[in-house]
There are 2 protein chains.
Amino acid sequence: MQPADSEDAAPRQRVQDEIRRDIIFGALPPGTRVTEAALAAKYGISRVPVREALRMLEAEGFVESKPYAGSTVSKIPVDDAEDLFFVREALESATARRAAHRAAAQFDSGAPSVEWWQARKVLAAVLDEGDAAVAQNRLDLLPELNIRFHLGVAELSGSASLTALLRQIAGKIEWLYATDVDRRGKESWSEHRSILAAIDSGNSANAEQLMADHVHQSKVGYLDRFSVDKNSALSPEPTFAP
Amino acid sequence: MQPADSEDAAPRQRVQDEIRRDIIFGALPPGTRVTEAALAAKYGISRVPVREALRMLEAEGFVESKPYAGSTVSKIPVDDAEDLFFVREALESATARRAAHRAAAQFDSGAPSVEWWQARKVLAAVLDEGDAAVAQNRLDLLPELNIRFHLGVAELSGSASLTALLRQIAGKIEWLYATDVDRRGKESWSEHRSILAAIDSGNSANAEQLMADHVHQSKVGYLDRFSVDKNSALSPEPTFAP
DNA sequence: TTGTGTAGTTTCGTATACAAACTATCGTGT
DNA sequence: ACACGATAGTTTGTATACGAAACTACACAA
């Protein structure tokens, strides 16, 4: 029963999450210079934990640091988005496939394992929370819920490594998602339920395809919005043609 | 003309690289408890930069930290290796394809760009260095050269994002590679030249295939060596059957 | 305009101190 | 003998202060 959110956690973890949120939701626009002293003052802590938080965010790709020159918020990876979506498609297709495979195995072997059932329950709750958020037009809640869904599927896949890899790019996924949530948020969210249904049914091929399409649609929507014109030359996956 | 290696760089960067090396090459076996005080004493610096280095290594997945309980070297991702190779296959197939595509574009448009030529020259040097290392049986040099080759291909692809993503898992790739270098190192290295040749020729399909096979062979070799018996249940890619 | 020098700012590292939380050891009770 | 809990020791997490090092920006001269 961990807090899951940052409430009274350790200062370093807290400010790290806060800064990341500020970056993701635009309070700290790309290119902004962030100084240790200012952050320390803002969050009422000393500079040491701020430095460590910045090192973590640097490794996550949210800020860029030059020795003795300080840190700046990374540029939104607009032109890199295509690559990110490409990797994500490969990664998440795999998690969906394995999750479906594992779900079938769980039901075949009589009693589902405790941790599987736990993860499955969490996923159901996330889905309900998201539906409620959509119903109340609280689209600002979707970015985090979206990440929790996709990480939940990864958990369900049983692969610690796939989960870890997805977690590594989860922040940037959320970042991109937040910039596009008012356009494709509702539609995108509704696709989650059918993905989970396919996983539950144990149809791994179907789950994989649905997840691939889901990510692909996010990609198309994003690239369309920011009108990146290079999608004709290098599109890596002609998953389906009209 | 940056140092490229850690010689008189900033202490934090230096110890970060040192600790990572010690982990990769087995001086710090998985499960080892690393205390800040000990590291600070060993490298002759204070605790603050040590802590920052540990935070970076934590984000890279080399150490795991629990609040107030310290850091331990992560377990070798033997059981996760399969997933890592899977992602790598997707990632590096893409870099090879794009690198070939870009190479063709460079030659088509008369004069190659300066940075492309630079990257291409570095890659040639790495290849020669590796051949020399193989000739002198200095297999211990191969892990780093291997990473430099693959990152070099990513550079050549021109995609900053693919490069960044590959860099994120580069450390773990090197870790796995180092455990297997005496078995498959020479054979694996010889494949690099043909990959680069395919890229140079501009044959993107061929380059992609060769890279995919190259990574796939690494995967098979690794899983075979450590005789992971679960490859029957969850093998993600039945690429070819005997 | 271009180059250079200087002042100011910020990061980086050190040292010290103390509170908080974990780990391991040792006893006690059943 | 074994499980359980208190306790001491260790380690981390944070605060604070200070100095050195390096980058940035601005002014000035050729």
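Hi everyone! Helix H3 of chain A gives the most to the surface near DNA strand C, with three residues. Here, "near" means that a heavy atom of the residue lies within 4 Å of the strand. Helices (H or I, at least four residues) and strands (E, at least two) are DSSP runs, numbered from the N terminus.

Some housekeeping before we go on. This is a predicted model, where local features need pLDDT of at least 70 and side-chain atom pairs count only at pLDDT 80 or more, while totals for chains, interfaces and linings use all residues. Residues are numbered from 1 along each chain as its sequence is written, chains are lettered from A and ligands numbered from 1 in the order in which they are written, and side-chain values use heavy atoms, with hydrogens and water left out.

Back to DNA strand C. Which residues are closest to DNA strand C? Among the 21 residues that surround it, the closest are A:Thr35, A:Glu36, A:Arg51, B:Pro11 and B:Ser46. Some of these make polar contacts, which are pairs of N or O atoms within 3.5 Å; within protein, one must be able to donate a hydrogen and the other to accept it, and residues adjacent in sequence count only if both atoms are side-chain atoms. A backbone N or O atom of A:Glu36 sits 2.8 Å from a phosphate oxygen of DNA strand C. A:Arg51 uses a side-chain N or O atom instead, 3.0 Å from a base nitrogen of DNA strand C.

Now please turn to DNA strand D. Of the 21 residues around it, A:Pro11, A:Arg12, A:Ser46, B:Glu36 and B:Arg47 come nearest. Where on DNA strand D are the atoms within 4 Å of the protein? Sugar or phosphate accounts for 75% of them, and bases for the rest. A polar backbone atom of A:Arg12 is 3.1 Å from a phosphate oxygen of DNA strand D. As for elements, H3 of chain B has the largest share of the surface near DNA strand D, three residues.

Finally, take a look at a loop. B:Tyr68 lies between strand S2 (63–66) and strand S3 (70–73) of chain B. Phi of B:Tyr68 is near 65°, a positive value in a residue other than glycine. Is B:Tyr68 buried or exposed? B:Tyr68 is exposed, with a relative accessible area of 88%; buried means under 20%, exposed over 50%, and partly exposed in between (1.4 Å probe, protein chains only).
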